[in-house]
Amino acid sequence: MNILVSTMGKYLEVGSKLLEKLQTELRFDEIGFFVADSRYYKKLLKTNSFIQKNNVFLIKEWEYTGIPRNATPDFELIKAYENKLGDPTLWNVLLCDRRVFFGRYCKSKQDYRPRFGYHEQLLILEQALVSIKKAFKKVRPDVVLSFGTSVMGDYLIYLFAKSYGIPYLQLKATKIENYLAFHDAPDAFSSFISQQYVSDNPIPKAFLEKAHSYLASVVKKGLKYEGAILSERSRLLKRLTSAPINLFKNIPGAMKDYCDPVIRRDAHIPGKFRSALNYNIYQPLNAYYISKHLRKHAKYIERNMLEKSDPFIFFPLHFEPEVSIQIFGRPYQNQIELIRNIALSVPVGRKVVVKEHPRSIGFRPYSYYQKLLDIPNVFLIDPYIKAHQIIPYSQLVAVISGSIGFEAAIMGKPVLSFGNAAYNILPETMVSHCSNLNQLGKQIKKLSDRYAYDEEALLRYAAIIMKESVPIDLYSAIIGKKHRNYDQKHLTKSERIDIGYLNLAQYCQRYFKKIGVVNTTEASVKNKEPSSSRAKVSYNG
């Protein structure tokens with residue numbers, strides 16, 4: 001069995017450990033890894049021997065993003081690939097990668113200015129196409145395993161796999177507790193789960209009971225899932241007070257990165273000191289200024305004002321740049337203009353209330369909020385008020401693709417979605433997907449008039465996801481992301497990690513069988529059976 005694994009940062013370690021576990025049951029003849037983040041790659045090689053021991057073929061992102069900028073793109077070559085792989089255009093590939101398409105420090109400060117110019121982006125695209133095509137010819141994968149599309153390399157790997165008819169499995173959070181599931185496209189919900197949802201197949205009683213308990217919990221306490229970002233006022237202040245120490249700690253690392261010719265040119269690594277400066281000083285000070293200014297001029301809706309508020313539509317902003325917009329909501333890169341369209345499509349007398357994303361507090365400039373407030377019927381709400389506390393007072397919730405849309409559906413509110421949200425599969429009388437802004441006003445009225453809560457549909461949706469997914473504390477334990485706590489107090493972090501890898505390995509084996517990738521056991525090796533039942537693929541096209 002041949003496998004190509006697409007990783008980024010610490011997911012390289014996750015992919016390596018996962019394949020080590022799978023090797024006890026499966027035989028891998030050829031292994032390939034797409035890797036991003038040269039700093040983490042070098043660090044991992046010191047403690048992890050999997051890559052060298054298994055002679056893993058590597059696609060190193062920094063080798064095609066760090067090319068000389070004085071060359072001229074081969075437009076004919078790019079056009080040929082676009083005709084074969086296009087989605088329908090390869091600009092979608094560039095857009096999905098914020099490190100290429102946006103500013104150098106776009107993760108710590110809103111920056112729409114592209115780091116690379118027009119020709120530079122096309123040069124990077126050209127080299128990425130050549131590198132990934134070479135990987136497919138060398139590894140000849142029977143399956144592609146992905147840990148997320150936030151870099152252009154992964155999106156191209158998906159397009160190549162699709163063109164060759166190779167199964168592509170991307171592990172994604174379902175936003176239901178700590179359940180993760182394989183999806184067969186980076187920009188769409190799992191087709192297998194979708195088919196199960198629309199089928200007449202009965203659902204085991206145990207999963208229905210668990211789903212019922214889950215829905216009741218969301219109504220009572222709000223939607224909580226593993227990997228969700230926590231937001232607290234005190235954390236911003238803590239960042240500011242500890243800024244001198246944190247900045248000082250980042251100086252040695254920043255100097256070391258600058259002295260390394262590979263890391264210094266790696267587009268995946270923005271620069272430790274400047275990023276720390278934005279995170280520890282700019283964001284807290286900017287958040288304080290914005291909050292003080294908006295409160296001074298009474299431009300925030302406070303929590304005690306919700307009960308007496310006029311009828312409103314609730315719109316939670318997305319953090320950007322992020323896959324929720326770049327992948328799942330491509331036509332809506334400008335959230336201000338989307339909100340303007342919504343505001344001009346609601347009945348007279350109805351407001352649009354906008355809440356900032358927890359991750360974006362202090363991230364955007366004040367001018368961003370002023371542009372929103374320039375729209376007559378748009379109002380801002382205190383960003384520290386939980387969505388769960390706002391939804392009950394709203395008449396309708398509008399989202400691009402965020403989890404708040406699912407939370408609103410559970411809480412009995414009409415949901416208008418603009419992106420490729422997983423819960424779009426729910427009945428149109430609950431969740432209405434907008435694909436034409438010219439019809440937005442009619443769609444809002446139709447959804448409001450025809451709304452009907454369907455508990456059975458919600459139960460089936462949640463139960464099938466639980467049944468076809470796997471519980472893993474990926475973000476809070478295995479990856480160890482900050483401020484992503486998940487309540488599993490009965491387990492230690494090491495136990496959560498061990499259980500996570502075990503569950504994921506078993507889930508992979510089940511899914512490989514499900515999609516027709518034959519497991520290669522010791523017996524099959526002795527008998528010289530082929531490692532896959534899939535038809536041979538031609539890589540010459």
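Start by selecting Leu26, which lies in the loop between helix H1 (11-22) and E2. This is a predicted model. Leu26 counts as buried because its relative accessibility is 4%, under the 20% cut-off.

**The open sheet**

Seven of them form an open sheet with mixed pairing, in the order E3-E2-E1-E4-E5-E6-E14. Colour strand E3 (57-60) and strand E14 (470-471), which stand at the edges. Each has a single partner strand, so one side of each is left without a neighbour in the sheet.

Next, select residues 2-6 and residues 30-35. These are strand E1 and strand E2, which pair in the parallel sense over five bridges. Strands of a sheet pair through backbone hydrogen bonds, either parallel or antiparallel.

**Backbone checks**

Move to Asp37, in the loop between E2 and helix H2 (38-45). Its phi is near 90 degrees, a positive value in a residue other than glycine. Is Asp37 buried or exposed? With a relative accessibility of 13%, Asp37 counts as buried.

Lys175 also has a positive phi, near 70 degrees, and is likewise a residue other than glycine. Look for Lys175 in the loop between strand E5 (168-173) and strand E6 (179-183). Lys175 is partly exposed, its relative accessible area being 31%.

For the peptide bonds, select Asp87 and Pro88: the bond from Asp87 to Pro88 is cis, with omega near 0 degrees. Pro88 is in the loop between helix H5 (75-85) and helix H6 (91-95). Then select Glu320 and Pro321, where the peptide bond is also cis, with omega near 0 degrees. Pro321 belongs to the loop between strand E8 (312-316) and helix H16 (323-326).

**Aromatic rings**

Show the side chains of Phe, Tyr and Trp. How many aromatic pairs does a search of the whole structure find? The search finds 24. One of them is Phe101 with Phe102, an edge-to-face pair at 5.3 Å centre to centre and 70 degrees between the planes. Phe101 is partly exposed, with a relative accessible area of 25%, whereas Phe102 is buried, at 7%.

Tyr155 and Tyr158 form an edge-to-face pair as well, at 6.0 Å centre to centre and 85 degrees between the planes. Both sit in helix H9 (residues 152-164); because they are three residues apart there, about one helical turn separates them. Tyr155 and Tyr158 are both buried.

For a group of rings, select Phe189, Tyr197, Phe406, Tyr423 and Tyr461, which form one aromatic cluster.

The charged end of Arg274 sits over the ring of Tyr105, 4.7 Å from the ring centre. Lys351 lies over the face of Phe379, at 4.7 Å from the ring centre.

**Second largest pocket**

Turn on a pocket surface. The second largest pocket has a volume of about 330 Å³. It is lined by 18 residues, and those closest to its centre are Leu236, Ala287, Tyr288, Ser291 and Tyr384. Helix H12 (233-241) and helix H15 (272-296) are the elements that give two or more residues to the lining. H15 supplies the largest share, six residues. By class, this lining has twelve nonpolar, two polar and four charged residues.

The largest cavity has a volume of about 50 Å³. To display its lining, select Ile290, Leu294, Tyr300, Val354, Glu356, Tyr369, Leu380, Ile381 and Pro383. The elements that contribute two or more of these residues are H15 and strand E10 (378-381). The lining of the largest cavity has eight nonpolar, no polar and one charged residues.

The second largest cavity has a volume of about 30 Å³. Return to Lys175, which is among the residues lining the second largest cavity; others include Ala173, Tyr179, Tyr225 and Glu226. This lining has five nonpolar, two polar and three charged residues.

Key:
Residues numbered from 1 in each chain as written. Predicted model: local features only at pLDDT ≥ 70, side-chain atom pairs only at ≥ 80, totals over all residues. Heavy atoms only, no water. Phe/Tyr/Trp six-rings, centres within 6.5 Å; stacked < 30°, edge-to-face > 60°. Buried < 20%, exposed > 50% of the residue type's maximum accessible area, 1.4 Å probe, protein only. Helix = DSSP H or I, 4+ residues; strand = E, 2+ residues; numbered from the N terminus. Lys NZ or Arg CZ within 6 Å of the ring centre and 35° of its normal. 1 Å grid on protein atoms, 1.4 Å probe; cavity = no way out; pocket = protein on both sides within 12 Å on 5 of 7 lines; lining within 4 Å. Points joined across faces, edges and corners; volume = space filled by probe spheres on them. Nonpolar A, V, L, I, M, F, W, Y, C, P; charged D, E, K, R; others polar. Pairing = 2+ DSSP bridges.
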